[in-house]
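This report goes through selected local features of one protein chain.

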Amino acid sequence: MKRDENEILMPVERALALILETIRPLPVEPCGLAALAGRVIAEDIISTMDIPMVDNSAMDGYAVRTGDVAGAGRRDPVGLDVIGELQAGAAMAGLLVEPGRAVRIMTGAPIPPGADAVVRFEDTEERGERVSIFVPVVKGENIRRAGEDLRAGAVVLGKGARILSADIGLLASINVREARVYRRPTVAVISTGDEVVEPGPDLLPGQVRNSNAYTLVSEIARYGCEPRYLGIVRDSLEATRLLLGEAMGCNVIVTTGGVSMGRYDFVKDAIAALGVEILIQNIRMKPGKPCVFGTKGPLLFFGLPGNPVSTMVSFIQFVRPALFKLMGAARLAKPVVHAVARDDIVKKPGRVHFIRGLFTVRDGEFYVSTTGPQGSGILRSMSAANCLIVLPAETERVRAGERVLIQLIQHEEI
């Protein structure tokens with residue numbers, strides 16, 4: 001009796017768990033501030049100071065005592081003596097705001113003793129050494145308090161955080177010039193197939209462009225790793241083994257094509273001949289069923305299917321989180337939210353389907369449409385997508401208006 005195909009396919013969740021179980025983060029290295037973008041921090045960064053260090057003005061205006069201006073109005077302004085001026089970075093030079101006095105102050109300048117608020121220039125008029133205040137202010141108005149951004153002893157960045165632009169600014173603000181981060185994985189990319197042709201020459205009948213390699217190189221670089229494209233290997237066991245052997249010096253090898261059951265699919269045999277233990281061969285998903293994963297010591301091998309959409313969906317689901325774990329990242333998963341389907345969707349039961357979708361948000365509700373024809377060779381369906389509609393294996397039909405789960409593929413991990 002022929003076995004049900006789904007009995008021999010590994011569930012998506014189990015495949016991802018198995019992949020992540022095999023991975024240990026790469027070693028740690030120091031990295032200068034200017035090169036930290038996209039790296040993963042390997043230690044907690046603790047602030048040694050308050051930011052701001054002192055109370056300072058959030059506006060250009062006048063530092064005043066709130067009691068002095070409590071009754072100020074346009075028709076009945078309060079007049080104060082201007083006893084000096086403070087600009088950002090200036091010392092207070094003994095200035096003291098006593099009753100009936102004010103200090104002209106610029107954004108970022110320290111609040112002088114005695115003052116407890118700042119009145120904007122727009123709400124004043126200065127003549128000579130006197131200023132007329134036209135509005136009352138409350139205590140603390142237009143003042144940035146010491147430590148309101150960061151307190152000494154606070155965790156600025158936690159271990160495992162991926163460093164973004166604002167994080168680098170925070171590190172600079174507390175005088176961090178270098179941080180310890182996990183090394184970037186090197187990732188070899190290999191395309192397979194006699195029919196695959198690089199961009200350039202005109203295509204002959206039966207040939208296809210090598211789009212997959214460039215998609216993968218772009219994705220690998222996007223997630224902070226170092227792609228190394230090794231080219232196209234022809235349909236020969238020996239040629240495949242030799243090129244895979246050249247790639248063994250990388251942390252990760254990713255191939256595209258050559259992993260199905262065809263007569264000219266040599267990748268599994270070639271990688272096994274090089275000592276890689278194959279742990280996964282087929283996954284209960286569409287697109288992307290023929291997806292191979294194996295290890296040799298710390299080396300990770302991913303054999304992705306050759307259809308363009310299958311390649312990209314498999315990369316998103318399995319290679320991307322594996323790369324993040326190699327880099328020591330604490331956040332591995334793309335956001336998943338509920339959305340209202342705008343289209344009817346029909347599928348065969350048995351496999352999880354990843355339907356390319358385009359979501360919008362209206363009145364706080366997510367809505368999602370498919371991006372059109374969903375064939376695994378239609379790369380445009382992926383180019384137009386900002387999410388994947390995730391339909392469980394047992395689902396057969398989704399009707400417009402029903403809720404579905406969507407994975408937000410253009411958003412940071414959570």
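Leaving aside residues up to four places away in sequence, Thr395 touches Lys347, Lys348 and Pro349. The model is a predicted one. Thr395 sits in the loop that runs between strand E26 (387-391) and strand E27 (397-398). The relative accessible area of Thr395 is 18%, and Thr395 is therefore buried, the cut-off for buried being under 20%.

Phe354 is part of strand E24 (residues 352-362). With a relative accessible area of 3%, Phe354 is buried. Residues up to four places away in sequence not being counted, Phe354 touches Val12, Met285, Lys286, Pro287, Val313, Gln317, Leu388, Ile389 and Val390. Phe354 and Cys387 are 33 residues apart along the chain, and their C-alpha atoms are separated by 9.3 Å.

Gln410 is placed in the segment after strand E28 (403-407). Is Gln410 buried, partly exposed or exposed? Gln410 has a relative accessible area of 45% and is partly exposed; that class lies between the limits of 20% for buried and 50% for exposed. Gln410 touches Arg222, Ala385 and Asn386, again not counting residues up to four places away in sequence. Between the C-alpha atoms of Gln410 and Pro113 the separation is 50 Å, with the two residues 297 residues apart along the chain.

## Helix packing

Two helix pairs are described here, and helix H6 takes part in each pair. The table lists their geometry.

| Helix pair | Angle | Axis separation | Handedness of crossing |
|---|---|---|---|
| H3 (residues 211-222) and H6 (residues 308-326) | about 25° | 11 Å | right-handed |
| H1 (residues 12-21) and H6 | about 25° | 10 Å | right-handed |

H3 and H6 pack at an angle of about 25°. Angles under 35 degrees count as roughly parallel, and H3 and H6 are therefore roughly parallel to each other. From H3, the residues Ser211, Asn212, Thr215, Leu216, Glu219 and Ile220 meet Pro308, Thr311, Met312, Phe315, Ile316 and Leu323 in H6. By class, the residues of this contact of H3 with H6 are seven nonpolar, four polar and one charged.

H1 and H6 also pack at an angle of about 25°, with their axes 10 Å apart. H1 is therefore roughly parallel to H6. On the H1 side the contact is made by Val12, Ala15, Leu16, Ile19 and Leu20, and on the H6 side by Gln317, Phe318, Pro321, Ala322 and Lys325. The residues in the contact of H1 with H6 comprise eight nonpolar, one polar and one charged. Val12 and Gln317, which belong to this helix contact, are also among the residues that Phe354 touches.

## A six-stranded sheet

Six strands form an open sheet with mixed pairing, in the order E7-E4-E6-E5-E9-E8. Which strands stand at the edges? They are strand E7 (117-120) and strand E8 (124-127); each has a single partner strand, so one side of each is left without a neighbour in the sheet. From one strand to the next, the twist averages 40°.

Within this sheet, strand E4 (residues 61-64) and strand E6 (residues 101-105) run antiparallel and are joined by three bridges. Gly61 has Ile105 as its bridge partner in E6.

## Backbone details

The peptide bond from Ile51 to Pro52 is cis, and its omega is near -10°. Pro52 belongs to the loop between strand E2 (45-46) and strand E3 (56-57). Also cis is the peptide bond from Lys286 to Pro287, with omega near -5°. Pro287 is located in the loop between strand E19 (285-286) and strand E20 (292-296). Lys286 and Pro287 are both among the residues touched by Phe354.

Asn142 is not a glycine, yet its phi is positive, at about 60°. Its place is the loop between strand E9 (130-133) and strand E10 (143-144). Asn142 counts as buried, at 18% relative accessibility.

Asn175, also not a glycine, has a positive phi of about 70°. Asn175 is in the loop between helix H2 (165-173) and strand E12 (178-182). Is Asn175 buried or exposed? Its relative accessibility is 59%, so Asn175 counts as exposed.

Note on methods. Residues numbered from 1 in each chain as written. Predicted model: local features only at pLDDT ≥ 70, side-chain atom pairs only at ≥ 80, totals over all residues. Heavy atoms only, no water. Axes fitted to C-alpha atoms, helices over the stretch in contact; angles between N-to-C directions. Helix = DSSP H or I, 4+ residues; strand = E, 2+ residues; numbered from the N terminus. Parallel < 35°, antiparallel > 145°, perpendicular 65-115°, else oblique. Left-handed = near helix turned anticlockwise from the far one by under 90°. Contact = heavy atoms within 4.5 Å. Nonpolar A, V, L, I, M, F, W, Y, C, P; charged D, E, K, R; others polar. Pairing = 2+ DSSP bridges. Buried < 20%, exposed > 50% of the residue type's maximum accessible area, 1.4 Å probe, protein only.
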